Amino acid sequence: SIRPNSMARFAALLLLPVLIESVFSISFFLPVNSRKCLREEIHKDVLVTGEYDINDESNTKINLKITDSSGHILYLKEDATKGKFAFTTEDYDMFEVCFESKSPMGTGRVPDQLVNLDMKHGVEAKNYEEIAKVEKLKPLEVELRRLEDLSESIVNDFAYMKRREEEMRDTNESTNTRVLYFSIFSMCCLIGLATWQVFYLRRFFKAKKLIE
């Protein structure tokens, strides 16, 4: 017989690619007096957490700002060195994480700043250890809760993709209808123009007595 623990581990392996997509980790060097932004699309009502660590060996200040596509500030930290942030998305949107370096010494002899950023959203952003302590869950129950949340996230993603497909289909049908009407209108205009040209030339030739 198959043990419940083995079933939970097998399910976790099947859903591993989805878990990987929910984790974003990057390290980069930020030149002095420069700005670097990272963008990511995230669905509605999704918990987003992050942790950053910036090398502050030089006399350079780095500001961290997280905004949505409308410019609303979700997180702002001036002279950031090390910390965490968290927010919940209100709508499906493109979110931007920007690091801006400022130094009063100018760009000469100032080394680039090393920035480490780890972001998680959805299931990976939840603290299941804390949930287990509050609800007094066993390890297997925690894993099942995690898989349940992940399955719900996948269902929501498919539902969103289906809605987008329906919107795209409606847009295509509307565009095809407009193109059809425009083609009919253009054809009617061409027929009318050709008919007018025939009658005009006929009157012209009659006036010149070239035809009877």
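The disulfide between Cys37 and Cys98 is right-handed, with 110° about the S-S bond. The model is predicted; local features need pLDDT of at least 70 and side-chain atom pairs pLDDT 80 or more, while totals for chains, interfaces and linings use all residues. Residues are numbered from 1 along each chain as its sequence is written, and side-chain values use heavy atoms, without hydrogens and water.

A disulfide is taken as a pair of cysteine sulfur atoms within 2.5 Å. A search of the whole structure finds one. Its S to S distance, from Cys37 to Cys98, is 2.0 Å. Cys37 lies in strand β2 (residues 35-42) and Cys98 in strand β7 (residues 93-102), so the link ties together parts 61 residues apart in sequence. Strands (E, at least two residues) and helices (H or I, at least four) are DSSP runs, numbered from the N terminus.

Cys98 is buried, at 4% relative accessible area. Cys37 is partly exposed, at 21%. Buried means under 20%, exposed over 50%, and partly exposed in between (1.4 Å probe, protein chains only).

Strand β3 (residues 47-54) pairs with β8 in the antiparallel sense over seven bridges; pairing requires at least two DSSP bridges. Asp53 stands opposite Asn116 in β8. Side chains alternate along β8 (residues 113-121). Gln113, Val115, Leu117, Met119 and His121 point to one face and are buried.

Residues 179-201 are 100% helix and 0% strand, with end C-alpha atoms 32 Å apart. The sulfur of Cys188 is 7.0 Å from that of Cys189, too far for a bond.
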